[in-house]
Amino acid sequence: MYSRADLSRSVVIVVALFLAAVATSAVAREFRAADTQNEDYPTVQALRYMGRLITERSGGRHQIRIFHSRQLGEEKETIEQTRAGAIDINRINVALIGNFVPAINVLAMPFLFRSIEHLQKVLDGPIGNEILNSFEPYGFVGLAFYDSGARSIYNSVRPVRSIADIKGLRLRVQQSQLMSDMIRALGAEPIELPYGQVLTGLATKLIDGAENNWPSFVTTDHYKYAGYYTLTEHSMSPEVLVMSRKAWESLSAEDQKIFREAALRSSHFMHEKWKDLEEQSRRRAEAAGVTIVTDFDRKPFEVAMAGIYAKAQHDPAAAALIERIRKVE
Ligand code: GTR
């Protein structure tokens, strides 16, 4: 026979077990991560690496499920969904999130960085940290930056050797005001299109060209339709990994630390992959007969950006940030 005391002890144990189960299920989660690039692209590989680290460090409580190749939509939409909390983690380019978080646009400003080393120094230092922290009021948490090299202009019409050669070309840009302004300032016609529509745009001649880094130019097959690539390197807008603030706030302080560290380590992992792919992509384009223009006068391109810098001056925070970035040696 059970005594009354035994019975109430059993009830207490059952209730405690039930509460523990509820608590664990509330904490353990599968996080949805989006990336528009394809399955093998280094950013997607880096997300996978981050996922493995998080699962390992959280003792299997947290999993990251990756949706690559625009499975959750184009970048602009996924950013909106991340802000709303429907997507937990998002790897995007700063040019697109600049529409939502104005200070971020500074990183996409034309000809701002003297070299990739200059950019890297800025991102790894206090400015990079401040920029990651500036996402919060807008519904995101900045976790880490990923490499994206430099963006250059390519087209199917003619080799661009001077600013005059760009005139009148219809060039696709990311869905970003800043990118449109930049292409217009060069005398071309900007066409804002989501990433997934560029290939068809080139194939159907809706557009004459676009601008991107080597790996994006090649892994998307754009190089098969746009045989002239000019190393303008006009923007070094990096990639950024953000989390929705909603998802972030659902994590304990200890788990937040696990996520941050895993994101940082994934950016180092990505860095290693990037250099190789950049080189490989360039070689692949060359082998396919793409004309690569390196001997052109860059100065007029830079001069044409005066209006964009004048516009940036209207935002004192952006102006101050540009100044500080320039001073980083
Ligand atoms: C790539 C970047 C993508 C996307 C794309 C584009 O370099 O990795 O996130 O922004 O450019 O041009 O749309």
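## Ligand contacts

An oxygen atom of the ligand is 2.7 Å from a side-chain N or O atom of Arg172, a polar contact in the sense of a pair of N or O atoms within 3.5 Å (within protein, one must be able to donate a hydrogen and the other to accept it, and residues adjacent in sequence count only if both atoms are side-chain atoms). For Glu239, a polar side-chain atom lies 2.5 Å from a ligand oxygen atom, and for Arg151 the distance from such an atom to an oxygen atom of the ligand is 2.9 Å.

The model is predicted: local features need pLDDT of at least 70, side-chain atom pairs count only at pLDDT 80 or more, and totals for chains, interfaces and linings use all residues. Residues are numbered from 1 along each chain as its sequence is written, and side-chain values use heavy atoms, with hydrogens and water left out.

## Ligand shell

Around the ligand there are 15 residues, of which Gln37, Arg91, Arg172, Asn212 and Glu239 come nearest; a residue is near if one of its heavy atoms lies within 4 Å. By class, the shell holds 8 polar, 5 charged and 2 nonpolar residues. Here Ala, Val, Leu, Ile, Met, Phe, Trp, Tyr, Cys and Pro count as nonpolar, Asp, Glu, Lys and Arg as charged, and the others, Gly among them, as polar.

## Cavities

The ligand sits in the largest cavity, meaning that more than half of its atoms lie within 2 Å of the cavity's grid points. On a 1 Å grid over the protein atoms alone, a cavity is a set of points where a 1.4 Å probe fits but cannot get out, while a pocket is an open set with protein on both sides within 12 Å along at least five of seven lines; lining residues have an atom within 4 Å of a point. Points are joined across faces, edges and corners, and a volume is the space filled by probe spheres set on them. The count comes to 4 cavities of 30 Å³ or more.

The largest cavity has a volume of about 120 Å³. Its lining has 15 residues, with Gln37, Glu75, Arg151, Gln174 and Asn212 nearest the centre, and divides into 2 nonpolar, 8 polar and 5 charged. The second largest cavity holds about 40 Å³. Among its lining residues are Glu74, Glu75, Arg172, Gln174 and Tyr195; by class the lining has 4 nonpolar, 2 polar and 3 charged residues.

## Largest pocket

The largest pocket contains about 570 Å³ of space. Of its 29 lining residues, Gln120, Leu123, Asp124, Phe145 and Ser267 are closest to the centre. The lining comprises 11 nonpolar, 11 polar and 7 charged residues.

Helix H5 (116-124), helix H6 (126-133), strand S4 (140-146) and helix H12 (253-287) each supply at least two lining residues. H12 provides the largest share, 9 residues. Helices (H or I, at least four residues) and strands (E, at least two) are DSSP runs, numbered from the N terminus.

## Second largest pocket

About 330 Å³ of space lies in the second largest pocket. It is lined by 16 residues, and Asn105, Met109, Leu178, Lys311 and Ala312 lie nearest its centre. Two or more lining residues come from each of helix H8 (177-185), helix H14 (306-312) and helix H15 (316-327). H14 gives the most, with 4 residues. The lining has 8 nonpolar, 5 polar and 3 charged residues.
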